[in-house]
Amino acid sequence: MFVFSLFMVLTRILEIYCWILLISCIFVNLYAFGILDSRNQLVWKIGMFLERLTEPVLAPVRRVLPTPGGVDFSPMVVLLGIQYVIQPLLANVFSALIMH
């Protein structure tokens, strides 16, 4: 029972982080194209909050990836890594723990 609860919590945290990454990408683009006012205090605080949540994960990926044409692919790489590496690995660990 504890293992199942832990698995569900970790899965939910990964899902929430994926949404945070997507929101951060949208926010950065809205900010870059001038749709959001950079002088607005609320916009600045939201931007700093999203940056503090995403930069610890995105910065190491950015150092490894090239930026062709100035396009940052690190959020996409992290999202794909979560979806196709971390979540299946977590499911395999969970099933191995349940079997024993």
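This is a predicted model: local features need pLDDT of at least 70, side-chain atom pairs count only at pLDDT 80 or more; totals for chains, interfaces and linings use all residues.
Analyst: Buried means a relative accessible area under 20%, exposed means over 50%, and partly exposed covers what lies in between, with a 1.4 Å probe and protein chains only. Residues are numbered from 1 along each chain as its sequence is written, and side-chain values use heavy atoms, leaving out hydrogens and water.

User: Why is cysteine 25 called partly exposed?

Analyst: The relative accessibility of cysteine 25 is 26%, which falls between the cut-offs of 20% and 50%, and therefore cysteine 25 counts as partly exposed. Cysteine 18, by contrast, has a relative accessible area of 7%, and because this is under 20%, cysteine 18 is buried.

User: How do you know whether cysteine 18 is bonded to another cysteine?

Analyst: A disulfide is a pair of cysteine sulfur atoms within 2.5 Å. The closest cysteine sulfur to that of cysteine 18 belongs to cysteine 25 and is 11 Å away, which is too far for a bond. Seen from cysteine 25, the closest cysteine sulfur is that of cysteine 18, again at 11 Å and too far. A search of the whole structure accordingly finds zero disulfides.

User: How many aromatic pairs does the structure have, and why is the pair of phenylalanine 4 and phenylalanine 94 called tilted?

Analyst: The search of the whole structure finds three aromatic pairs. For phenylalanine 4 and phenylalanine 94, the ring centres are 6.0 Å apart and the planes stand at 50°, so the pair is tilted. The rule is that rings of Phe, Tyr and Trp (its six-membered ring) pair if their centres lie within 6.5 Å, with planes under 30 degrees apart called stacked, over 60 edge-to-face, and the rest tilted. Phenylalanine 4 belongs to helix H1 (residues 2-32) and phenylalanine 94 to helix H3 (residues 74-99), so their pair ties together parts that are 90 residues apart in sequence. Helices here are DSSP runs of H or I with at least four residues, numbered from the N terminus.

User: What makes phenylalanine 94 buried or exposed, and what kind of pair does it form with phenylalanine 7?

Analyst: Phenylalanine 94 has a relative accessibility of 17%, which is under 20%, so it counts as buried. Its pair with phenylalanine 7 is stacked, since the planes are 15° apart, under the cut-off of 30 degrees, and the centres are 4.5 Å apart. Phenylalanine 7 lies in helix H1, so this pair joins parts of the chain that are 87 residues apart in sequence. Phenylalanine 7 is buried as well, whereas phenylalanine 4, at 42%, is partly exposed. Ring pairs link Phe4, Phe7 and Phe94 into a cluster.

User: Where does H2 bend, and what do its buried residues pack against?

Analyst: H2 bends by about 55° at glutamate 55, and proline 56 follows within four residues; the bend is the angle between axes fitted to the seven residues ending there and the seven starting there. The buried residues of H2, among them Leu50 and Leu58, pack against H1 and H3, where contact means heavy atoms within 4.5 Å.

User: Why is glutamine 87 called buried, and which residues does it touch?

Analyst: Glutamine 87, in helix H3, has a relative accessible area of 19%, which is under 20%, so it is buried. Not counting residues up to four places away in sequence, glutamine 87 touches Thr11, Leu14, Glu15 and Ile82. Thr11 and Leu14 are among the buried residues of H1, whose cover includes H2 and H3.

User: What makes phenylalanine 73 partly exposed?

Analyst: Phenylalanine 73 has a relative accessibility of 33%, between 20% and 50%, so it counts as partly exposed. Its place is in the loop between helix H2 (41-64) and H3, where it touches Leu65 and Pro68, not counting residues up to four places away in sequence.

Note on methods. Helices (H or I, at least four residues) and strands (E, at least two) are DSSP runs, numbered from the N terminus.
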